[in-house]
Amino acid sequence: MGAEAYGLVGFFAMLQVAFNLLDMGLTHTMSRESARFHGGATHALEYLRLARALEVLFGFIALLGGTLLFALAEPIAEQWLKAKSLSANEITASLQIMALIAAMRWMSGYYRGIVTGAERLIWLSGMNIIVTTGRFVLVLPLIMFVSNEPLVYFYFQLLVAIFELGGMAIQGHRLLPEKPKDQRIKVELEPIKPVLKFALSIAFTSSIWVLVTQTDKLVLSKILPLEDYGYFTVAVLLASGIMVASGPITNALMPRMARLQAEGRKEQLIELYRNASQTVTMVVAPVTLILALFSSQVLWMWSGDLELVNKSSSTLSLYSIGYGFLALGAFPYYLQYAKGDLKLHVMGNAVFVVVLVPSVIWASQRYGMVGAGWAWLVSNVVYFFSWVPLVHHRLAPHLHLKWLFFDIVKIISPAILVALFAKNLNWSQDRALLAIELILLGVALLMICVSIKKLKVGYK
């Protein structure tokens with residue numbers, strides 16, 4: 001597609017995350033209430049009234065947000081993005097399609113919440129495989145053999161978004177309980193009031209999450225040429241694969257923890273929490289180590305572009321380590337989510353964003369993408385070692401040190417030593433051989449983590 005067109009793809013990824021500012025905590029609320037209903041904590045009629053109210057609210061916000069993004073497409077194309085080869089009209093049309101996709105994908109989040117809360121994870125995994133394959137695999141022959149124009153790419157993404165919304169909507173409605181024959185489900189906001197405090201807490205933290213994860217991308221989209229922004233996007237999207245690796249585990253974890261909390265099974269909840277922490281560490285560690293320590297090899301193997309390697313390798317390393325800490329530091333949030341009390345999460349993230357956002361802006365303006373990478377890394381390290389222990393102490397006393405040393409450090413330490421040793425080896429310059437070497441190293445690191453995880457020494 002070229003660096004500038006890929007810069008638009010990166011801007012598109014940022015817009016989709018920024019669209020979550022309109023979420024107001026509703027997606028997570030729908031997932032939690034769905035889990036509570038299936039755990040027997042709420043009645044069918046009460047759940048139906050809430051589901052109907054949230055569906056209407058989701059639809060209104062999707063329409064509002066999509067319209068706003070659509071209207072802002074032209075000024076963003078002409079005044080914000082610094083393009084050289086792409087015309088303003090082409091960028092404007094691409095941005096307008098992005099607005100439609102973002103609205104549809106966000107509306108899909110409502111139905112995803114119903115499916116996740118019902119723990120229909122096999123069906124959801126199948127849908128995710130189809131949608132992800134469409135977005136990232138089936139689009140490749142299109143841009144390689146038909147047209148590499150940005151508009152062609154975004155029109156294809158629009159078709160995938162329509163398919164995803166349709167499939168999610170059908171399954172979501174199937175999982176809702178049947179409406180009693182003598183009852184009429186009105187569209188009203190009254191059912192939202194009992195969950196409003198929880199929803200607003202998530203809304204606040206979601207807004208902070210957007211600021212934390214997207215401020216650097218927003219600032220750099222303004223100060224970097226669109227071509228360099230494309231190089232930055234490659235590094236960040238590769239690093240964010242760490243969250244993709246941990247996402248399926250945490251998506252299954254959250255509704256189950258909410259259900260165990262609703263059933264009063266606190267010991268099983270903590271046991272599940274620790275097992276999930278070990279599993280995420282086992283999965284995240286190899287990905288993080290390869291992307292962080294072998295960033296140049298990964299970029300060369302993938303692209304064969306020396307300019308990309310030179311401009312993006314340092315940024316990829318910094319963001320990868322930051323995302324690794326983020327994947328593990330998110331666990332106390334899951335504990336608060338299950339208990340339905342997010343006060344500590346709100347407080348911690350409020351302080352976090354007050355410190356991080358100015359740091360990211362300053363570092364990005366002064367040192368470009370590498371500065372943004374350092375700000376991202378340091379902020380996540382500080383959060384992990386300062387705020388996570390406090391949350392554990394408040395919600396599960398005497399858990400933190402066991403969690404840190406036996407669920408994380410014990411598993412990841414041997415993998416780090418092996419990866420550091422492997423970094424000093426002679427790596428092939430042939431891209432095909434290099435790919436095989438990196439895959440073998442990744443498998444070896446994973447096997448090491450799996451073996452250590454099976455050792456229950458110090459678990460109790």
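Glutamate 307 is partly exposed at 37% relative accessibility, a label for anything between buried (under 20% relative accessible area) and exposed (over 50%), using a 1.4 Å probe and protein chains only. Lysine 311 is partly exposed too, at 32%. Their side chains meet in a salt bridge, N to O at 3.3 Å; the term asks for a side-chain nitrogen of Lys or Arg within 4 Å of a carboxyl oxygen of Asp or Glu. Both sit in helix H13 (residues 306-329), four residues apart, so about one helical turn separates them. Helices here are DSSP runs (H or I, at least four residues), numbered from the N terminus.

Keep in mind that this is a predicted model: local features need pLDDT of at least 70, side-chain atom pairs count only at pLDDT 80 or more, and totals for chains, interfaces and linings use all residues. Residues are numbered from 1 along each chain as its sequence is written, and side-chain values use heavy atoms, without hydrogens or water.

By the salt-bridge rule, the count is five. One of them pairs arginine 105 with glutamate 164, with the closest N and O atoms 3.2 Å apart. This pair links distant parts of the chain, helix H5 (residues 88-117) and helix H7 (residues 150-175), 59 residues apart. Arginine 105 is partly exposed at 26%, while glutamate 164 is buried at 2%. Arg112 joins Arg105 and Glu164 in a network of salt bridges.

Then look at aspartate 407 and arginine 274, which form a salt bridge at 2.7 Å, N to O. Aspartate 407 belongs to helix H16 (residues 400-423) and arginine 274 to helix H11 (residues 266-293), so the pair ties together parts 133 residues apart in sequence. Both residues are buried.

Definitions and conventions. Helix = DSSP H or I, 4+ residues; strand = E, 2+ residues; numbered from the N terminus.
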